[in-house]
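Let's take a walk through a protein together. Have a look at the sequence and the fold, and then we will go through them step by step.

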Amino acid sequence: MGLIDAAKTALARNHLNGLCKGICKIETLVIDRTENTVNATISLAGEKDPLTIAAAYQLGTGKNDGKVRLAGIEANRPWVAVACTRFVADRWFKIPTAARAVL
């Protein structure tokens, strides 16, 4: 990961941590723009062991421009993987304008 990508990823992690304050803290966030994958290690409030999540992502084009879709979501907690597969995977989500440069 280059210096610019690392800086963009750090900004994204800090932004997400602000949104999740009191619930969790994203300890590591790796966005691989070549492989279109994202990996995160997350400390959850009140939990001893961190949550790890990995997924592939696809950026939208045409009518889905400015949106992202996750697939192949894996987590170290089976219930999280099932919930993400059921409620998040293969659905389009709007990307905030400031976050688009990170992906």
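What follows is a short tour of a helix, a core and a loop residue in this predicted model.

Start with helix α1, which runs over residues 3-19. From its first C-alpha to its last, α1 reaches 25 Å, close to the 24 Å expected for its 17 residues at 1.5 Å a residue. Which residues of α1 are buried? They are T9, A12 and N17. These three lie on the same side of α1, because they cover an arc of only 135° around the axis. The buried residues of α1 pack against strand β1, residues 24-32. Now turn to the face directed away from the buried side: here you will find the exposed residues L3, I4, L11 and G18.

In soluble globular proteins, nonpolar side chains tend to be buried together. Here the largest nonpolar core has 16 residues, and L29, I42 and I73 have the most contacts inside it. At least two core residues come from each of β1, β2, β3, β4 and α2, with β1 giving the most, four residues. Look at I73 in particular: leaving out residues up to four places away in sequence, I73 touches I53, A54, A55, A81, C84, T85, V88 and A89.

Finally, find R77 in the loop between β4 and α2. Is R77 buried or exposed? R77 counts as buried, because its relative accessibility is 15%, under the 20% cut-off. Again leaving out residues up to four places away in sequence, R77 touches L44, E47, D49, P50 and L51.

Methods. Residues numbered from 1 in each chain as written. Predicted model: local features only at pLDDT ≥ 70, side-chain atom pairs only at ≥ 80, totals over all residues. Heavy atoms only, no water. Expected span 1.5 Å × (residues − 1). Buried < 20%, exposed > 50% of the residue type's maximum accessible area, 1.4 Å probe, protein only. Arc of directions from axis to C-beta. Contact = heavy atoms within 4.5 Å. Core = buried A, V, L, I, M, F, W, Y, C linked by side-chain atoms within 4.5 Å.
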